[in-house]
Amino acid sequence: YINEAQFCLAECAYSKNLFEKALTGYLYLITKPRTIYTEGALTKASYIYFKDKKYTEALPLFQQLQEVAEIPSNKSAGRLGAMRSAFNSLNYEIALQECNKVMSTEKLSPQQISEAKYIKAKSMFETNRLNDALIEFKEISKTAKNATGAEAFYYIGKIQYNKAEYKDVDKTVNKLISYPYSNDYWNTKGMLLLADAYIALNENAN
């Protein structure tokens, strides 16, 4: 009865927000051969690690949850959690792999689709897949209706700058400044990027 006892103890601790104590029980169950308690233990343990921003520890648990989950919502949570954990731990190659899994999931909300596309674009940029990232950021800039769209414009300009397309940077930053959902943060970063482009063009007065 050890597995059952560990699970019950962990669930009681979890219900009282004693997460560290709960985690001990869940991790014990995860290391044992699969039982009826494994899926629940993985769901709660991965959540606890993610909540505490321990993304490196959360990632393998979310990936394992994807494999063992029989409940569709838990399988979806495993994919989303793995994508987010990989991205937040700067593991961009894994983030891209998990993005593809998320995008193949049925019944995603519009917000989850937008998040996956954003993580995909940023991960492509960070892994120097600039042409692919440019396509993704352009799509985001057309569909987003929040500050993410402004960020997309900035990264479009950043990619153009990296490719020495300085005149295009000028056009993109002007679109960023006039973007209705932009804010001071992205406007400022855009203006600094534009200044760098002007320096590259020897247009010091601008």
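## Basis of the description

The model is predicted, so local features need pLDDT of at least 70 and side-chain atom pairs count only at pLDDT 80 or more, while totals for chains, interfaces and linings use all residues. Residues are numbered from 1 along each chain as its sequence is written, and side-chain values use heavy atoms, with hydrogens and water left out.

## Helix 3 and helix 4

Two packed helices are described by the angle between their axes and the distance between the axes. Helix 3 (residues 38–51) and helix 4 (residues 55–68) have axes 8 Å apart and pack at an angle of about 155 degrees. Helices are DSSP runs (H or I, at least four residues) numbered from the N terminus; axes are lines fitted to C-alpha atoms over the stretch in contact, with angles from 0 to 180 degrees between N-to-C directions. Helix 3 and helix 4 are therefore roughly antiparallel to each other (an angle over 145 degrees).

Helix 3 passes helix 4 in a left-handed crossing (the near helix is turned anticlockwise from the far one by less than a right angle). The contact (heavy atoms within 4.5 Å) includes Leu-42, Ala-45 and Phe-50 of helix 3 and Leu-61, Phe-62 and Val-68 of helix 4. By class, this contact of helix 3 with helix 4 has 11 nonpolar, three polar and two charged residues. Ala, Val, Leu, Ile, Met, Phe, Trp, Tyr, Cys and Pro count as nonpolar, Asp, Glu, Lys and Arg as charged, and the others, Gly among them, as polar.

## Helix 7 and its partners

Helix 7 packs with helix 5 at an angle of about 35 degrees, their axes being 11 Å apart. The crossing of helix 5 and helix 7 is left-handed. Leu-80, Met-83, Arg-84 and Phe-87 of helix 5 take part in the contact, and helix 7 contributes residues including Ala-116 and Ile-119. Six nonpolar, two polar and three charged residues make up the contact of helix 5 with helix 7.

With helix 8, the axis of helix 7 comes within 8 Å, and the two cross at roughly 150 degrees. Helix 7 and helix 8 are therefore roughly antiparallel to each other, and helix 7 passes helix 8 in a left-handed crossing. Among the contact residues are Lys-117, Lys-120 and Phe-125 of helix 7 and Asp-132, Glu-136 and Phe-137 of helix 8. The contact of helix 7 with helix 8 has eight nonpolar, no polar and six charged residues.

## The largest pocket

The largest pocket holds about 250 Å³ of space. A pocket is an open set of points on a 1 Å grid over the protein atoms alone, where a 1.4 Å probe fits, with protein on both sides within 12 Å along at least five of seven lines; lining residues have an atom within 4 Å of a point. Grid points are joined across faces, edges and corners, and a volume is the space filled by probe spheres set on the points.

Residues lining the largest pocket include Pro-110, Ser-114, Tyr-118, Ile-140 and Asn-146. Helix 7 (110–126) and helix 8 (130–143) are the elements that give two or more residues to this lining, and the largest share, six residues, comes from helix 7. The lining of the largest pocket divides into four nonpolar, five polar and two charged residues.

## The second largest pocket

About 200 Å³ of space lies in the second largest pocket. Its lining includes Pro-72, Lys-75, Arg-79, Glu-106 and Gln-112. Helix 5 (residues 72–88) gives the most to this lining, with five residues. By class, the lining of the second largest pocket has two nonpolar, four polar and four charged residues.

Terms used
Parallel < 35°, antiparallel > 145°, perpendicular 65-115°, else oblique.
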